[in-house]
Structures are given as structure tokens and as C-alpha cells.
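The report below describes a protein model, with attention to its helices, its aromatic contacts and its surface. Please read it alongside the sequence and the coordinates.

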Amino acid sequence: MFVIFVLLVAVVLPASSVEAHDGIKGVGDAWLPFTISMITLMVFWCMYGIGARRISSPIERWLAFNVASLVTVLTMLIPLGGWVEESSAMHMIQHMLIMAVIMPLYMLARPLPQWVAVGGWPVVWLLKPLLYFSRYPMHTAFLQGVIIWFWHTPKFYNLALANPWWHLIEHICLVLGACVFWWSVLNRRTAVTLLALLFTLMHTGMLGALLTFAQIPLYNDSRDFNDQQLAGLIMWVPAGLPYLIAAIWCSLYWFRDTDGAVSFWRDS
């Protein structure tokens, strides 16, 4: 999989770098944060590959990690050519891939043993605060909600489009928020977890509906108004499906455990 990553970057980047970030002033300004993102991904991907040789991982988790990494590469390539600057829908697809596809796959892969096997105590020290915070599903849901609404307000949305470094910070916030949220809800199947998922489904749907039914362009007057409505529909419908599926999955386990507990007390 790492070879695929290298080939993909080698093929796409030379062709794309000529017109990268047309909507951002200066290709050089956009190239550095993009390179930092790629290097960071490559480091974590290599660490997992080496760690998987030391600590075996079930094939479904191995596939989940590598598929998530490949989708991450494609997501990082979306801004190249100015697509994100020209289309709110493409920008929304990028955000939804990060929050509702990539991070759930990474969390399902459970890569911590492999990373710790390679990185040792620095990895534990780095991730310990996030792991502690993930013990509280509603806290993580609220944090992710604040991050989503913050970066989709007109001022900061336009700021991220105009400045590649703010765009990188935006993505870091989205990744961290989604990381602790999905780690929390996928490792706990309780009523609070179900509530956190439904809360997230509700407020992302509200934001999608707001973009869909707004009567004026919210982000940039020069953008296509229909494109903004399409971005809202993307957040409202397809981006909500992973949260809905996770809520159904969580409720099935929760109800099964509850029924088992009730049956135990009745038999006693």
C-alpha cells in the first residue's frame, strides 16, 4: 500500500503543481503546508506498516487503515487545481471525507498498538490526553460540533480558503475533533454514545439545511449560489449516513445488552 501511495503522489503532483491552488495567491504559499501534510501522513503510514510486522493486526483492521490512508491522499489532492476555491461543494466533500469517512476508518483500524510498538513512550505521551478525553462521548460530540460550526461560519470559512496555512489549521482541527469523537463512540455502546451520535447527526443536518435553504450566498458573493445549496445537501444527506449507521449499530448492541441484563434479573 505504501508503494501505491508513492506512485500516486509521483504521478499526480507534477501535473497538478503547475496550477495548484489557483484561488490562493502564490503556489509556493500553498505548497509548503501541503508538503507538511503529506509528510505527516507518510510518517504515520510507515509507522503503522512497521508496527504491523511486530504486532499483527486482523486483516479487516489492516484494510481499514490502508483504505483510510489512500482516501486521505485523494482528499489532500482535492484542493489542487483550485477546485476547493471555486466550489463550495468540493470543499464540503473534502470536509465530509475527513470527518465521516477517513477518521471512522482509522478508528476502526485501531492502530495504537502498531504505533506504540514503533514510537514507544512519545506516542503514548502524545495521545494520552486525547484518549482520556475520549472517555466522555458527549464531551467529544460537543467539541466536534463547536469545531464544525466554527469553521463553517463565513469569516473563518473564507479565511481558510484565502490562506493555505489557515486551511491546514482548519483540517487539523477537523481531524482532531473527529478522531476523539469516533474513538469515543466506536469503543462504547451505551445510551450516552447513542445520544452523542444523534446529537451530531442533528446539528450537522441543521447546518446542511441552513446552507441548502439560505436565500443569499453565505461565504462568497462570487460563488455559484446553486453550488452552495449542493454543499448543504452533501452535508445534510450523504454525510449524515455514517452517523446514522453508527447510531443504529450502537443501539442494536445497547438494546441487546439491555435485554440480556433484564433476562438475567428475571431468571434470578
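## Fold and burial

From the N terminus on, the elements of the protein run α-α-α-α-α-α-α-α-α-α-α-α-α, which amounts to 13 helices and zero strands; helices (H or I, at least four residues) and strands (E, at least two) are DSSP runs, numbered from the N terminus. This is a predicted model, in which local features need pLDDT of at least 70 and side-chain atom pairs count only at pLDDT 80 or more, while totals for chains, interfaces and linings use all residues. Residues are numbered from 1 along each chain as its sequence is written, and side-chain values use heavy atoms, with hydrogens and water left out.

Of the 268 residues in the protein, 43% are buried, where buried means under 20% relative accessible area, exposed over 50%, and partly exposed in between (1.4 Å probe, protein chains only).

Helix α9 (residues 154–162) has Tyr157, Ala160 and Leu161 as its buried residues. Seen down the axis of α9, these buried residues fall within an arc of 100 degrees, so they line one face of the helix; the arc is that of the directions from the helix axis to the C-beta atoms. Lys155 and Ala162, on the other side of α9, are exposed.

## Aromatic contacts

The structure holds 15 aromatic pairs. Rings of Phe, Tyr and Trp (its six-membered ring) pair if their centres lie within 6.5 Å, and planes under 30 degrees apart count as stacked, over 60 as edge-to-face and the rest as tilted. Two of the edge-to-face pairs are set out here.

| Pair | Centre to centre | Angle between planes |
|---|---|---|
| Phe65 and Trp115 | 6.0 Å | 75 degrees |
| Tyr132 and Tyr136 | 6.1 Å | 75 degrees |

The pair of Phe65 and Trp115 links distant parts of the chain, since Phe65 belongs to helix α3 (residues 59–77) and Trp115 to helix α6 (residues 112–119), 50 residues apart. Phe65 counts as buried at 1% relative accessibility, and Trp115 counts as buried at 12%. By contrast, Tyr132 is partly exposed, with a relative accessible area of 48%, and Tyr136 is partly exposed at 32%.

Phe65 and Trp115 also belong to a cluster in which ring pairs link them with Phe44, Tyr48 and Tyr106. Elsewhere, the charged end of Arg110 sits over the ring of Trp183, 5.9 Å from its centre; a charge is counted in this way if NZ of Lys or CZ of Arg is within 6 Å of the ring centre and within 35 degrees of the ring normal.

Phe213, Leu230, Leu233, Trp236 and Val237 make a nonpolar surface patch of about 470 Å². The largest share of this patch, three residues, comes from helix α12 (residues 225–236). Leu233 lies in helix α12 and is partly exposed, with a relative accessible area of 38%.

Cys46, in helix α2 (residues 27–54), is partly exposed at 29% relative accessible area, and its C-alpha lies 9.6 Å from that of Val118, 72 residues apart in sequence. Pro129, found in helix α7 (residues 121–133), counts as exposed at 53% relative accessibility, and its C-alpha atom is separated by 10.0 Å from that of Val180, 51 residues apart along the chain.

How values were computed
Patch = residues over 30% accessible without salt bridge, like charges linked within 9 Å, V, L, I, M, F, W, Y side chains within 5 Å. Areas by Shrake-Rupley, 256 points an atom, 1.4 Å probe, with all protein chains shown as cover. Salt bridge = Lys/Arg side-chain N within 4 Å of Asp/Glu carboxyl O.
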